[in-house]
Amino acid sequence: MSELSSLDNDQPLLVAEGLAKNYGRLPACRDVSFALYPGEVLAIVGESGSGKSTLLQLLSAQLAPSAGRVSYRMRDGVLRDLAELGEAERRFLFRTDWGFVHQDPAQGLRMGVSAGANVGERLMAVGWNHYGRIRDTASTWLDRVEIDVGRIDDAPKTYSGGMRQRLQIARNLVTEPRLVFMDEPTGGLDVSVQARLLDLMRNLVSELGLAAIVVTHDLAVARLLSHRVMVMKGGRVIETGLTDQVLDDPREPYTQLLVSSILPP
Amino acid sequence: MTAMIELANAEKTFTMHLQGGVELPVVRGVSFHVIAGECVVLSGPSGAGKSSILKMIFGNYRCDSGRIGIRHHGKVIDLAIAEPRQVLSIRRSTIGYVSQFLRAVPRVATIDVVAEPLIVNGAAREEARERAGKLLRRLNIPERLWTLPPSTFSGGEQQRVNIARGFISDLPILLLDEPTASLDAANRAVVVELIAEKKTKGVAMVAIVHDDEIRHLIADRIVDVTSFAAAA
């Protein structure tokens with residue numbers, strides 16, 4: 001039900017207008033505009049160097065654009081320019097309303113502290129202070145991402161790659177964000193581990209009615225997770241549309257090349 | 001009667017950029033309509049563009065020109081120019097598509113694969129599963145298989161799971177791409193029954209079937225696709 005109502009919502013959650021980023025004289029990202037709606041999953045695909053990771057950093061306010069702007073609808077319903085947010089509002093976004101799943105879990109986790117503390121930390125950052133409740137919620141989330149609750153006191157450095165990635169997802173989702181950014185979330189994992197993670201992410205995203213922006217070079221990931229796709233090349237968005245439409249009926253030469261390069265299953 | 005689907009001069013050409021930009025015209029001037037409670041069967045030889053037309057009506061293939069009007073929540077939306085969000089909304093609550101092959105989601109149990117379209121539209125999980133079970137039973141999928149993912153099933157079993165998934169919801173439009181292709185006589189008969197039940201509920205259907213006997217049993221009207229052939 002939550003998925004249905006959020007997908008029918010007519011007000012965009014995030015709006016990018018004429019976004020660009022230059023590194024010196026090198027344009028990494030040029031004139032990107034789109035709107036993301038609540039509950040919508042957008043995949044950004046393209047090969048290395050296409051500008052997709054730069055775009056993700058611009059969208060998540062980790063990098064300041066050279067031109068253009070990103071606006072986000074805060075929980076009070078007002079669309080605000082990210083560049084003009086105060087420090088407290090930015091902290092709120094990063095700690096609560098947004099999640100960021102890194103390709104390398106070591107970047108998104110604290111590897112030396114327990115799994116329970118990794119999940120609980122985000123809750124404490126938003127004011128939770130009852131140890132028992134924090135631990136219960138952390139246990140629930142470990143279970144949701146299919147980590148044996150018996151491992152709650154172990155540090156992620158003792159976890160496998162797939163478990164670390166699932167723990168990173170739990171840490172991000174525990175505060176019930178409305179938007180999650182994912183940078184190659186299945187990169188570096190074995191194929192069998194990837195399938196399990198993708199299936200898990202797909203279910204969580206639809207159960208929670210999350211909006212997500214997923215950067216991936218893997219078209220299979222885009223097909224399984226996303227509603228819409230943007231294809232990037234040379235810093236520009238060259239093709240965009242419904243995911244199955246772009247993948248089954250690609251229009252641009254580069255998209256046709258990408259699609260035709262997939263090995264049949 | 002209300003037209004649920006109305007195509008007017010719909011046209012599709014593939015441009016193969018990797019083959020030096022070769023233009024591959026598929027169909028041109030596609031015009032027909034489907035009213036509620038009617039099953040229109042597309043006929044024509046292999047390669048005439050039947051599946052392409054079905055995919056255009058689902059918004060899976062883009063429509064280069066012309067119009068594909070779909071009645072959605074009481075309004076007509078032109079799928080040829082609809083925003084991705086509108087297409088998603090149409091697929092969620094108006095158009096169902098039964099493809100030839102099940103695109104299996106790894107690890108998901110058969111009963112949940114079938115129940116999913118109902119859950120997405122807000123049904124309670126238990127009720128959705130109960131309806132899924134009824135359909136699977138009708139389609140002769142043994143109960144011991146329901147908790148397994150369908151990826152390990154035989155071709156015919158997978159197709160029946162796919163049919164159950166396609167027929168479970170109460171969507172007003174159904175597109176059927178060879179729904180009986182790899183089924184035995186008993187299961188073909190079940191599909192014919194399911195289609196008849198959908199008609200009585202006012203569902204508009206477009207189907208592709210190669211089997212003459214099945215076509216005869218389900219078709220209210222036949223649209224010959226060869227007249228839409230886009231000669232190069």
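**Close-up views of a predicted two-chain model**

View 1. Leaving aside residues up to four places away in sequence, B:Val26 touches B:Lys12, B:Thr13, B:Phe14, B:Gly49, B:Ser52 and B:Ala230. B:Val26 belongs to strand 2 of chain B, which covers residues 22-35. With 21 other C-beta atoms within 10 Å, B:Val26 is buried, because the threshold for a buried residue is 20 or more. B:Gly47 stands 21 residues from B:Val26 in sequence, and the C-alpha atoms of the two are 8.6 Å apart in space.

**View 2. The buried face of helix 2 of chain B.** Helix 2 of chain B spans residues 84-93, and its buried residues are B:Pro84, B:Val87, B:Leu88, B:Ile90 and B:Arg91. These residues line one face of the helix, because they fall within an arc of 160 degrees when seen down the axis of helix 2 of chain B.

**View 3. Packing of helix 3 against helix 5 in chain B.** Helix 3 (residues 110-120) and helix 5 (residues 155-167) of chain B pack at an angle of about 30 degrees, and their axes are 7 Å apart. Helix 3 of chain B is therefore roughly parallel to helix 5 of chain B, as angles under 35 degrees are classed in this way. The crossing of helix 3 of chain B past helix 5 of chain B is right-handed. From helix 3 of chain B, B:Thr110, B:Val113, B:Val114 and B:Pro117 meet B:Val161, B:Ala164 and B:Arg165 of helix 5 of chain B. By class, the residues of this contact comprise 5 nonpolar, 1 polar and 1 charged.

**View 4. Packing of helix 7 against helix 8 in chain A.** The axes of helix 7 (residues 161-173) and helix 8 of chain A are 10 Å apart and meet at an angle of about 10 degrees, which means that helix 7 of chain A is roughly parallel to helix 8 of chain A. Helix 7 of chain A passes helix 8 of chain A in a right-handed crossing. Among the contact residues are A:Arg166, A:Ile169 and A:Leu173 of helix 7 of chain A, and A:Leu197, A:Leu200 and A:Leu204 of helix 8 of chain A. The contact has 8 nonpolar, 3 polar and 2 charged residues.

**View 5. The interface of chain A with chain B.** In this view, 21 residues of chain A are in contact with 17 residues of chain B. Elements of chain A that each supply at least two residues to the side touching chain B include helix 1 (2-7), helix 8 (191-208) and strand 10 (236-242). Helix 11 of chain A gives the most to this side, with 4 residues. The side of chain A that touches chain B has 8 nonpolar, 5 polar and 8 charged residues.

Terms used: Residues numbered from 1 in each chain as written. Chains lettered and ligands numbered in written order. Predicted model: local features only at pLDDT ≥ 70, side-chain atom pairs only at ≥ 80, totals over all residues. Contact = placed C-beta atoms within 7 Å. Nonpolar A, V, L, I, M, F, W, Y, C, P; charged D, E, K, R; others polar. Buried ≥ 20, exposed ≤ 12 C-beta atoms within 10 Å, placed from the backbone. Arc of directions from axis to C-beta. Axes fitted to C-alpha atoms, helices over the stretch in contact; angles between N-to-C directions. Parallel < 35°, antiparallel > 145°, perpendicular 65-115°, else oblique. Left-handed = near helix turned anticlockwise from the far one by under 90°.
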